[in-house]
Amino acid sequence: MPSNNNSSLSQQTQSNLVQVNGTWTRQTEQSQPAEGKLSDAKIYENKSEHGVSWTVVSPIVFTYRVIQCRNILDPRNDTLLWGHIGDEDLKGTISNSKPVKRFVVIDDTVNQLYGPQVTHYFAAREVVYKILPLPTTEENKCMELVTKILEEVHKFSIDRRSEPIIAIGGGVCLDVVGLAASLYRRRTPYIRVPTTFLSYIDASVGAKTGVNFAGGKNKLGSYVPPVATFLDRSFFQTLPLRQISNGMAEMLKMALMKHRGLFELLEAEGRMLLQSKLQSCESSNNSEQEDSATASTRIAIETMLEELAPNLWEDDLDRLVDFGHLISPELEMRVLPALLHGEAVNIDMSLMVYVAHQRGLLTAEEKDRIIQCMLGLELPVWHQDCSLDLVQKSLRERLKHSAGSLRMPLPTGLGQAEIFHDMIEDNILGQAYQKWTDELASSGNK
């Protein structure tokens, strides 16, 4: 690491950190290496005529699991209790005589549908549990909800290292519980069990937590991943078709950005996947060949993890997964609750497909295929409140909060994309917006 002091008199020393008998000590590269536990952290000491400074470099590593499973609420299934623990650690945990405790936050609506099964699961496993149903909707996604969770967790009393909080619900529930867990005792492990298709594809597999604040979407939050996410498509059976369609937007996003095969699958079978609520046929469960529902969800999760894992803390602001998320936050909050998150994202993507076509990145045929695929998934492709003024304002905000660069992901073909840094020229944006409105306004609002 270079010195930050330009003085010719400055001297910099690099030290490793070694733990011997419970004590950490600095060890310079010149000193005799001590036997002990070596940390990845380093301390750089800089001495100059102005004094001494220390620069600490301390890598943080998170390990978390994403597990696709079936029948997670069946008491014979260990996943909900122990799926977050590796096999070796599990042996010691299960042999511990201490009673198992779990604090569960569940969305109100999900509780009405699955509450008895959740209760039966923990009772059958002789778990000491507390189930907290909450109205986790976008309209009340706020710090008050976080505080409510924290008060109840504190009353229940959990071990902050070995008794994870479990969140069962849609994206709002997962985000709110994640933020609460990141705050309680400075970080308590938590588990995500998404029950909506949107949260299954999107909110459940990354590190972001958050609540809305000052009229802005997710303005308060943290980057703390769960210890595990458990994915069970059987929850989709009780979802309205609109909620399935809503999640299809995030799946389509990943297809457009980086997987042509997934796009072609959605193009050919998207309507069938929607109507079947992504349930696999019984006959296909034991087949070596993946059915469309299994393949599409697997590819969506894999491509999402490829983009998120190297950049969990968004140190790099160039993110393909931001496609559809430049204009949609402003639109979604403005018309709340008229549009679901995925619907707002799709309207954003639809407009950006026209921008990409106007810039010569997509052919007319590719543009039309994408729009037809969106319509086949019963997603809105235009909205009257998505005005040119709103679009321009959103792009200016993006510029302000992305280190002076637009960092706009745009498709450059079917299943491929690039990130563009320059502001879109007014004439290209205006022409694309006009064509978008002329061609798609007749499709109506959602």
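Modeller: Let us start with a hairpin: β3 and β4 form one, with two residues between them. Please keep in mind that this is a predicted model, in which local features need pLDDT of at least 70, side-chain atom pairs count only at pLDDT 80 or more, and totals for chains, interfaces and linings use all residues. Residues are numbered from 1 along each chain as its sequence is written, and side-chain values use heavy atoms, with hydrogens and water left out.

Biologist: In which sense do β3 and β4 pair, and over how many bridges?

Modeller: Two strands pair if DSSP finds at least two bridges between them, and the elements themselves are DSSP runs numbered from the N terminus, helices being H or I of at least four residues and strands E of at least two. Here β3 and β4 (residues 51–57) pair in the antiparallel sense over seven bridges, and Tyr 44 stands opposite Thr 55 in β4.

Biologist: Which strand do eight bridges join to β3?

Modeller: That is β1 (residues 11–20), which runs antiparallel to β3 (residues 37–48); Gln 19 has Lys 37 in β3 as its bridge partner.

Biologist: How many helices and strands does the protein have, and how compact is the protein?

Modeller: There are 14 helices and 14 strands. The radius of gyration, taken over C-alpha atoms, is compared with a globule rule of 2.2 Å times the number of residues to the power 0.38. For this protein the radius is 25 Å, close to the 22 Å that the rule gives for 446 residues, so the protein is as compact as a globular protein of that length. The C-alpha trace spans about 75 × 65 × 45 Å along its principal axes.

Biologist: What share of the residues is buried?

Modeller: Buried means under 20% relative accessible area, exposed over 50%, and partly exposed in between, with a 1.4 Å probe and protein chains only. Buried residues make up 50% of the 446 residues.

Biologist: Is Phe 156 buried or exposed, and which residues is Phe 156 in contact with, leaving aside its neighbours within four places in sequence?

Modeller: Phe 156, which lies in helix α4 (residues 143–156), is buried, with a relative accessible area of 17%. Contact means heavy atoms within 4.5 Å, and, with those neighbours left aside, Phe 156 is in contact with Lys 101, Arg 102, Phe 103, Val 128, Tyr 129 and Lys 130. Arg 102 is 54 residues from Phe 156 along the chain, yet their C-alpha atoms are separated by 9.3 Å.
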